[in-house]
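Open the model in your viewer and keep the selection panel at hand.

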Amino acid sequence: MPHTINSTCPVQPVIQALFGGTFDPIHYGHLHPIETLAHQIGLKRVVLLPNHVPPHRPQPEATAQQRLEMVKLATQGNPLFTIDTREMERTSPSYTIDTLESFRQEFGEGQSVAFIIGQDALLSLHTWHRWSELLNICHLLICARPGYQTQLSTTEMQQWLTQHQIYNPALLNSKPNGYIYLANTPLLHISATDVRQRHQQGLSCDDLLPPLVQKYINSQGLYRQ
């Protein structure tokens, strides 16, 4: 059974956020910006959603169970993070809109909920399945990514961003969905591709990911080819 939020809990005014990814493997480029974001806007909980079949990316090298184990190790002892496995249990592609609708049903209509994406994802958001419905369900929190432009690709998308963007994060708690907040998070030049390539080349990854994740990768013989 997936680890899910208890829908019988009373609605809380503090915003909760969801963050999905392949996490092949999870690394500091995922963790540190989210921790900074949580501090900036008062997030009390971030639910990590490992993907099973990502629709927009190549299939992961590590198995679903290995990637889940690495996420568990990376967040061990950190009360900010919880893990939800519902996307991993799907055998079909994991569409964000379906997952968000599932969470919204559990949280109820009054709970403020946000979905965290990187600046790169914002630029390609118009290619996502039912992307225009996202703000009907949640807020969007955008983490900066190095090397990506700030202007969206079309006038329509730029107008959409301007219409929904806020500059005061306190507004995120004023309603359950509908806002976009561009966070001032650290620009870390780290990607899962970098981690895998370093392992293939026999280089150290100590500065890229938590020690427990590194130890697990070594024990499983991951990313050597």
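**Start at the sheet**

Select β1 and β2: 5 bridges join these strands, which run parallel. Helices (H or I, at least four residues) and strands (E, at least two) are DSSP runs, numbered from the N terminus. F19 stands opposite L48 in β2.

Before going on, note that this is a predicted model, in which local features need pLDDT of at least 70, side-chain atom pairs count only at pLDDT 80 or more, and totals for chains, interfaces and linings use all residues. Residues are numbered from 1 along each chain as its sequence is written, and side-chain values use heavy atoms, with hydrogens and water left out.

Stay on β1. Of its 6 residues, 5 are buried, so the strand is mostly covered, where buried means under 20% relative accessible area, exposed over 50%, and partly exposed in between (1.4 Å probe, protein chains only). A17 stands opposite A114 in β4.

Next, pick V47 in strand β2. V47 counts as buried, because its relative accessibility is 2% and buried means under 20%.

What is the strand order? The 7 strands form an open sheet, β3-β2-β1-β4-β5-β7-β6, with parallel pairing. Two strands pair if DSSP finds at least two bridges between them. β3 and β6 are the edge strands, each pairing on one side only. Strands of a sheet pair through backbone hydrogen bonds, either parallel or antiparallel.

Move to β5 and β7. They run parallel, joined by 3 bridges. L141 has Y181 in β7 as its bridge partner.

**The nonpolar cores**

Show side chains. The largest nonpolar core has 43 residues, and I26, L43, V46, M70, I116 and L141 touch the most other members. A nonpolar core is a set of buried Ala, Val, Leu, Ile, Met, Phe, Trp, Tyr and Cys residues joined through side-chain atoms within 4.5 Å. At least two residues of this core come from each of β1, α1, β2, α2, β3 (81–83), β4 (113–118), β5 (139–143) and α7 (211–220). α1 gives the largest share, 6 residues.

Center on L43. Leaving aside neighbours within four places in sequence, L43 is in contact with I15, Q16, A17, L37, A38, L80, I116 and L141. Contact means heavy atoms within 4.5 Å.

Then select F107, I117, L125 and L135. They are included in a second, separate core of 27 residues.

**Helix α5**

Go to residues 155–164, helix α5. Which of its residues are buried? They are M157, Q158, W160, L161 and H164. Look down the axis of α5: these buried residues fall within an arc of 160°, so they line one face of the helix. The arc is that of the directions from the helix axis to the C-beta atoms. Turn to the face away from the buried side, and you find the exposed residues T155, E156, Q159, T162 and Q163. The buried residues of α5 pack against α4 (119–123), β5, β6 (165–166) and β7 (180–182).

**Charged pairs**

Count the salt bridges: there are 8. A salt bridge is a side-chain nitrogen of Lys or Arg within 4 Å of a carboxyl oxygen of Asp or Glu.

Select D24 and R196. Their closest N and O atoms are 3.8 Å apart in a salt bridge. D24 sits in the loop between β1 (16–21) and α1 (28–41), R196 in helix α6 (residues 192–200), and the pair is 172 residues apart. D24 and R196 are buried.

E61 counts as partly exposed, at 45% relative accessibility. R196 has 17%.

Jump to R86 and D84, a salt bridge with closest N and O atoms 2.8 Å apart. R86 and D84 are buried. Elsewhere, select D98, E101, R130 and E133: salt bridges that share partners join these residues into one network.

**Last stop: confidence**

Color by pLDDT, the predictor's confidence in each residue, from 0 to 100. The chain averages 88, and 89% of the residues score at least 70. Over residues 1–13 the pLDDT is below 50, and this stretch has 24 contacts in the model beyond near neighbours in sequence.
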